[in-house]
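Trainee: I would like to go through this structure with you, beginning with the packing and then turning to the pockets. Could we start once it is on the screen?

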Amino acid sequence: RLMHGYQHTAINLSATALAAFPLALSGRPITAAAFTAGMLFGTLLVTPDLDLKLNDARRRWGRLRFIWTPYATFSRHRGASHTYLLGPTVRLAYLLLWLCPIIALCQGAIRTFIADLAPEVIVITAAGYYAAQWLHLVCDGILPFNSRGRRAR
C-alpha cells in the first residue's frame, strides 16, 4: 500500500525525535542538532517525492518551488529518485546547481562558515539527510536489497 506524504512526514519526524533525543541526553547536543537538521532537511524539503507535481515538500519551498519543475520533468517517479544512493545524491547535486550563483556571491562567508564547522558535523548532517531519504524508501517498501540479495542502486 502506498503512503501519503503526510504519513512519510509523520514517520520521519517521529524517527528524528527518537534518534536525536538520546543523543541530546547523552551530552552530545551538537551531534543531535546536526543529525536533526539533516533529517528535517531530508524530510521536509528534499524528499524522494519531489518528482511529483503535487507534494508537500514542493509546497514548502514556497515561491522557490519552481526550481523543482525541471527535476520533476526529467525524473520518473519511483525510478532513480527512489534509489538509496543515486536518488538522494542527485537531489543534492541538483540543488547545488541552483545554489551556485549564491555560493559564488557569498563565497567568503560560506568558506568561513564551513571552516568553523567541525568535519564530523558535516558528516552527521549528511547522515541525517540520507537517513531521512532511506526511511522514506523503506516506508515505500523499497528495501536496500532486492529479492535476490543484491544491493539496490
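**Packing and pockets**

Mentor: Let us begin with Y130: apart from neighbours within four places in sequence, Y130 is in contact with Y84, L85, P88, T89 and L92. Please keep in mind that this is a predicted model.

Trainee: Which residues make up the largest nonpolar core?

Mentor: Y130 is one of its eleven residues, and the others are V46, L50, A57, W61, I67, W68, Y71, Y94, L95 and Y129. Both α5 and α7 supply at least two residues of this core.

Trainee: And what does the second core include?

Mentor: That core is separate and has six residues, among them A34, F35, V121 and A132.

Trainee: Changing topic to T47: where is its place?

Mentor: T47 sits in the loop between α2 and α3.

Trainee: Is T47 buried or exposed?

Mentor: T47 counts as buried because its relative accessibility is 7%, and the cut-off for buried is under 20%.

Trainee: Which residues is T47 in contact with, leaving aside its neighbours within four places in sequence?

Mentor: The contacts of T47 are G42, A57, R91 and Q133. Of these, A57 also belongs to the largest nonpolar core.

Trainee: How do the lining residues of the largest pocket divide into nonpolar, polar and charged?

Mentor: There are 16 nonpolar residues and two polar ones in that lining, with no charged residue.

Trainee: What about the space in the second largest pocket?

Mentor: The second largest pocket holds about 280 Å³. Its lining has 23 residues, and H4, G5, H8, D49 and N55 lie nearest the centre. Two or more lining residues come from each of α1 (5-25), α2 and α3 (56-60).

Technical notes
Residues are numbered from 1 along each chain as its sequence is written. This is a predicted model: local features need pLDDT of at least 70, side-chain atom pairs count only at pLDDT 80 or more; totals for chains, interfaces and linings use all residues. Side-chain values use heavy atoms; hydrogens and water are left out. Ala, Val, Leu, Ile, Met, Phe, Trp, Tyr, Cys and Pro count as nonpolar, Asp, Glu, Lys and Arg as charged, and the others, Gly among them, as polar. On a 1 Å grid over the protein atoms alone, a cavity is a set of points where a 1.4 Å probe fits but cannot get out, and a pocket is an open set with protein on both sides within 12 Å along at least five of seven lines; lining residues have an atom within 4 Å of a point. Grid points are joined across faces, edges and corners, and a volume is the space filled by probe spheres set on the points. Helices (H or I, at least four residues) and strands (E, at least two) are DSSP runs, numbered from the N terminus. Buried means under 20% relative accessible area, exposed over 50%, partly exposed in between (1.4 Å probe, protein chains only). Contact means heavy atoms within 4.5 Å. A nonpolar core is a set of buried Ala, Val, Leu, Ile, Met, Phe, Trp, Tyr and Cys residues joined through side-chain atoms within 4.5 Å.
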